[in-house]
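Please look through the sequence and the model shown below, and then work through the questions and answers that follow.

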Amino acid sequence: MRNARDLSLAVLAVALCVAAASPASSQFIQKRYGNAGIADGVACTENSQDGWRKTVQERTEWLQKAPDDIIALFERSTAYGCLGDQQAAIIDLNRAAVLAPKNPQIYYDLGATYADMHDYPDALTNYTHAIALEPDLAKAYNNRGTTYETMGNYDAALADFGAAISLEPTYADAIVNRAQTYAFRGRSDLALADLNKAISLEPQDVNAYVNLGALQYRLGHWTDAIAAASMAIKVDPNEPIAYLNRCEARTISNIDLAAALEDCTKDLSLRPGHTNTLEIRSILQFRLANYDGAIADADACLAQDSRRSAAMLMRGFAKLRKGDAADGDADIAAAAAIQPDVEAEYARYGITR
């Protein structure tokens with residue numbers, strides 16, 4: 001389902017992606033829903049890009065004959081959304097809103113589309129309008145909650161997730177999202193309870209397992225983190241964040257580094273050039289004494305984001321191990337300028353110059 005994931009921490013990329021600049025970076029997945037038909041179970045992957053383009057063409061031809069056909073506007077907005085043209089989707093949805101101003105689904109879809117564009121104030125406005133028109137619309141509370149969370153308003157997010165769960169007590173996605181917010185607020189006990197509840201409701205929910213693993217990682221429960229990520233991969237062998245989280249847990253805990261390398265490499269095959277993964281793999285390569293590999297991964301990471309302190313540090317460490325003291329010390333100093341305690345942080349895990 002489009003936009004149900006990789007709004008990452010995530011992993012709790014919202015989309016929430018927390019930079020892997022320190023060992024406390026394992027990612028969470030946030031769960032919300034996209035626009036129009038996608039919100040009701042139509043996944044972008046259920047059609048090809050050519051198929052969505054054909055939908056646009058067909059609905060456009062029909063709308064020339066019947067410009068007030070709301071269903072056709074919805075369907076074309078869905079196709080535009082799956083093609084990545086959110087502006088066109090918004091035009092269609094705004095037209096639908098003129099035709100049916102009391103239809104909450106229109107404003108819900110507008111909210112999701114604005115959220116896709118990272119226009120969170122407009123997303124909030126439209127979700128709130130949808131709720132005003134239909135106070136029992138649980139998915140609107142869920143999506144508005146993810147928007148509040150993305151904006152750092154955790155109290156409002158918790159209130160919205162709570163409202164969604166009150167309306168639908170078995171709403172696993174809202175429970176997973178509330179767990180993420182609890183984790184951000186430092187309430188690991190409540191987060192664990194919610195994640196376990198979500199898994200009991202939806203045993204095949206890959207996002208719940210990913211988030212459980214991310215939380216266990218943050219608590220320093222390495223084997224539990226690895227087990228949860230492994231369950232996520234069992235449910236969905238192509239979930240990249242699960243591979244990243246398992247790679248990171250294995251790397252930091254120094255457990256089965258060969259398997260960790262397979263995990264990070266698998267993630268990069270699914271997400272070529274992913275910055276977080278390159279940074280984690282640079283740490284892993286250093287632990288494996290593959291100093292050239294560590295430098296190459298750090299270089300690739302830093303080319304995308306020059307303020308990645310862990311990548312900078314690992315490159316410095318690797319250069320020192322290769323006998324390049326001047327450049328190694330320069331990288332270590334640059335890492336400390338970004339994050340003063342970065343060397344001490346990794347030293348706690350046995351990763352030293």
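Q: In this predicted model, is Tyr-154 buried, partly exposed or exposed?
A: A residue counts as buried under 20% relative accessible area and as exposed over 50%, with partly exposed in between. Tyr-154 has a relative accessible area of 24%, so the class that applies to Tyr-154 is partly exposed.

Q: How many aromatic pairs does the structure hold, and which kind is the pair of Tyr-154 and Phe-184?
A: The number of aromatic pairs in the structure is six. In the pair of Tyr-154 and Phe-184, the ring centres are 5.6 Å apart and the planes stand at 35 degrees. Planes under 30 degrees apart count as stacked and those over 60 as edge-to-face, so the pair of Tyr-154 and Phe-184 is tilted.

Q: How many residues apart in sequence are the parts that the pair of Tyr-154 and Phe-184 ties together?
A: Tyr-154 belongs to helix α8, which covers residues 154-167, whereas Phe-184 belongs to helix α9, which covers residues 172-184. Phe-184 is partly exposed, at 23% relative accessibility.

Q: Which kind of aromatic pair do Trp-222 and Tyr-349 form?
A: The centres of the two rings, Trp-222 and Tyr-349, are 5.9 Å apart, and there are 75 degrees between their planes. Since an angle over 60 degrees counts as edge-to-face, the pair of Trp-222 and Tyr-349 is edge-to-face.

Q: How many residues apart in sequence are the parts tied together by Trp-222 and Tyr-349?
A: Trp-222 lies in helix α12 (residues 222-235), while Tyr-349 lies in the segment after α19 (342-347). Tyr-349 is partly exposed, with a relative accessible area of 24%. The pair therefore ties together parts whose distance along the sequence is 127 residues.

Q: Which residues are linked into a cluster by ring pairs?
A: Trp-222 and Tyr-349 form an aromatic pair, and ring pairs bring in a further residue, Tyr-217. The cluster is made up of Tyr-217, Trp-222 and Tyr-349.

Q: What covers the buried residues of α11?
A: Twelve of the 13 residues of α11 are buried, so this helix is largely enclosed by the rest of the structure. Among the buried residues are Val-206, Leu-212 and Tyr-217. The cover over the buried residues includes α9, α10 (188-201), α12 and α13 (240-253).

Q: Which residue caps the N-terminal end of α11?
A: The cap places a side-chain oxygen 3.0 Å from the backbone nitrogen of Asn-207. The residue that supplies this oxygen is Asp-205.

Q: How far apart are the end C-alpha atoms of α16?
A: Helix α16 has 14 residues, which at 1.5 Å a residue should span 20 Å.

Q: Which residues does Ile-295 contact, leaving aside its neighbours within four places in sequence?
A: Ile-295 lies in helix α16 and is buried, with a relative accessible area of 15%. The buried residues of α16 pack against α15 (275-287) and α17 (309-321). With the neighbours within four places set aside, the contacts of Ile-295 are Arg-315, Ala-318, Lys-319 and Lys-322.

Conventions: Residues numbered from 1 in each chain as written. Predicted model: local features only at pLDDT ≥ 70, side-chain atom pairs only at ≥ 80, totals over all residues. Heavy atoms only, no water. Phe/Tyr/Trp six-rings, centres within 6.5 Å; stacked < 30°, edge-to-face > 60°. Helix = DSSP H or I, 4+ residues; strand = E, 2+ residues; numbered from the N terminus. Buried < 20%, exposed > 50% of the residue type's maximum accessible area, 1.4 Å probe, protein only. Contact = heavy atoms within 4.5 Å. Polar contact = N/O pair within 3.5 Å; in protein donor to acceptor, adjacent residues only side chain to side chain. Expected span 1.5 Å × (residues − 1).
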